[in-house]
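Visitor: Hey, I'm new to this one. Can you walk me through a few spots once it's up on screen?

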Amino acid sequence: MPKRLITGLNNLFQRDRIVRNLEIFQDFIIISLCLGLFCVMLIRLGDMFSSFLHPLDLRQVTSDILFILILVELFRLLLDYLQVQQISVGAAVEITIVSALREVILRGVLEIPRDQIFGISVFLVVLGVIFVALPWVSHLLENTRISNSEKIEGKTRSLVENPLPSD
């Protein structure tokens with residue numbers, strides 16, 4: 001009986017099974033977020049079209065359009081995560097840039113204090129540098145990874161061709 005209990009506990013705490021179950025739970029959370037974002041997009045889209053019946057408030061329409069675009073990008077980011085199990089840094093930077101610009105557009109440049117404008121500008125410059133440098137860094141890391149794997153393969157090949165003398 002104790003052997004069965006120990007074997008059952010070992011099977012219960014197998015690392016592969018735990019990781020697989022946690023990934024399934026994580027996918028469920030991401031799918032729930034996607035459904036919630038989709039519902040919010042539909043609600044905001046309905047609000048935007050209903051605002052066309054009243055006198056046109058350009059600031060509100062612009063806000064709704066930019067907000068829906070941000071939600072669409074977040075939805076796409078979550079779908080990409082479900083497919084490849086990785087967050088796209090480029091898409092996240094794009095979403096952040098659009099979100100920051102949305103706030104500036106909505107509040108108006110003249111209404112925002114000078115210090116906040118300076119901070120937002122520095123923030124946008126940093127995001128722009130990340131967005132521009134990201135493909136270059138990815139290419140550099142990919143080349144480094146390839147050259148390292150070639151070195152490892154070369155060492156393995158030379159060891160196979162010239163085995164170490166045995167004692």
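Visitor: What does the side chain of serine 51 reach?
Guide: The backbone oxygen of methionine 48, at 2.6 Å. Keep in mind that this is a predicted model.

Visitor: Okay, and where is serine 51 found?
Guide: In helix H2.

Visitor: Is serine 51 buried or exposed?
Guide: Buried, because its relative accessible area is 17%, and the cut-off for buried is under 20%.

Visitor: Switching topic: which residues make up the largest nonpolar core?
Guide: There are seven: Ile30, Cys34, Leu37, Met41, Leu71, Leu78 and Tyr81.

Visitor: What does leucine 37 touch?
Guide: Leaving aside residues up to four places away in sequence, leucine 37 touches Leu71, Leu74, Phe75 and Leu78.

Visitor: How many aromatic pairs does the structure hold?
Guide: One. Phenylalanine 38 and phenylalanine 75 form it, with 6.1 Å from centre to centre and 40 degrees between the planes, so it counts as tilted.

Visitor: And where do the two partners sit?
Guide: Phenylalanine 38 is in helix H2 and phenylalanine 75 in helix H3, so the pair links distant parts of the chain, 37 residues apart.

Visitor: How accessible is phenylalanine 38?
Guide: Phenylalanine 38 has 43% relative accessibility, so it counts as partly exposed.

Key:
Residues are numbered from 1 along each chain as its sequence is written. This is a predicted model: local features need pLDDT of at least 70, side-chain atom pairs count only at pLDDT 80 or more; totals for chains, interfaces and linings use all residues. Side-chain values use heavy atoms; hydrogens and water are left out. A nonpolar core is a set of buried Ala, Val, Leu, Ile, Met, Phe, Trp, Tyr and Cys residues joined through side-chain atoms within 4.5 Å. Buried means under 20% relative accessible area, exposed over 50%, partly exposed in between (1.4 Å probe, protein chains only). Contact means heavy atoms within 4.5 Å. Helices (H or I, at least four residues) and strands (E, at least two) are DSSP runs, numbered from the N terminus. A polar contact is a pair of N or O atoms within 3.5 Å; within protein, one must be able to donate a hydrogen and the other to accept it, and residues adjacent in sequence count only if both atoms are side-chain atoms. Rings of Phe, Tyr and Trp (its six-membered ring) pair if their centres lie within 6.5 Å; planes under 30 degrees apart count as stacked, over 60 as edge-to-face and the rest as tilted.
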